[in-house]
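Please open the model in your viewer and keep the selection tool at hand. The tour below goes stop by stop.

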Amino acid sequence: MRIFLDTANVEEIASGVKMGVVSGVTTNPSLVSKEGCTSYKELVQKICKVTPGDVSVEVIEEDTRGMLTQARQIARWADNVVVKVPSTAAGLEATSNLKQEGIRVNMTLCFSVNQAVLAALAGAAYVSPFVGRLDDIGEDGMALVGDIVDIFNNYAFETRVLAASIRHPQHVLQALRYGAHVITMPYKVLTQMTKHPLTDTGIERFLSDWRSTGSAFS
Ligand code: G3P
């Protein structure tokens, strides 16, 4: 499995990559807007430079023609770009065209198994079920991830299931149990994953016992 960061913040990405655990990034227009950038292309190129693997970059068009025009431009911005396209009929048409052109697509804003299966049939490299947003409306977002993984396995679909809209470490644990191929998370959740109070108190005790020896290190 792989961990991606769900952010457009270059410092956060560099920090996660340095830990050796983050291999990719997902962005969206809302995340980009938080970075106050003046050029989408420049920000994406900075992100792609510090990221060893795939960087999902979303089109900002609703019709197939507009999506295709933007997707072809975005695909030229860096070698590790994956174009993010919404899970709509227009998005499916764009995805199948882009697949034929060799441009990889992440179908985003997926909220049902049916949308995910269509994404796989259209040739998407990734499909992104949004867990937290389904939880927000009283549905079980993670059950959707589990269903998609199972059904993709039934048919040996190659499309990777990318669990998105992850809000806390319990979401991560559940996505791992369901076999999500990729989990994308905010930097805050990655930081939370590193922490355990017993690790902190354990370090404190080891260090204080060590100091009490008065011993030299070598
Ligand atoms: O990857 C999708 C993500 O950015 C959406 O997260 O928390 O806005 O639902 P959220």
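Predicted model: local features only at pLDDT ≥ 70, side-chain atom pairs only at ≥ 80, totals over all residues.

**Stop 1: the ligand.** Select the ligand and then the residues that surround it: Asp6, Asn28, Leu31, Phe130, Arg133, Ala164, Ser165 and Arg167. Now show the polar side-chain atoms of three of these residues. One in Ser165 is 2.7 Å from a ligand oxygen. For Arg167, a side-chain N or O atom sits 2.8 Å from an oxygen atom of the ligand. Asn28 places a polar side-chain atom 2.9 Å from a ligand oxygen. The ligand on its own would expose 310 Å², and the protein buries 82% of that area.

**Stop 2: a salt bridge.** Searching the whole structure gives four salt bridges. For one of them, select Glu58 and Lys84, whose side chains meet at 4.0 Å, N to O. Glu58 belongs to strand β3 (residues 55–58) and Lys84 to strand β4 (residues 81–86). The two residues are 26 apart, and the pair links distant parts of the chain.

Stop 3: Where in the chain is Asp140? Asp140 lies in the loop that runs between α7 (131–136) and α8 (141–155).

Note on methods
Residues numbered from 1 in each chain as written. Heavy atoms only, no water. Helix = DSSP H or I, 4+ residues; strand = E, 2+ residues; numbered from the N terminus. Near = heavy atom within 4 Å. Polar contact = N/O pair within 3.5 Å; in protein donor to acceptor, adjacent residues only side chain to side chain. Areas by Shrake-Rupley, 256 points an atom, 1.4 Å probe, with all protein chains shown as cover.
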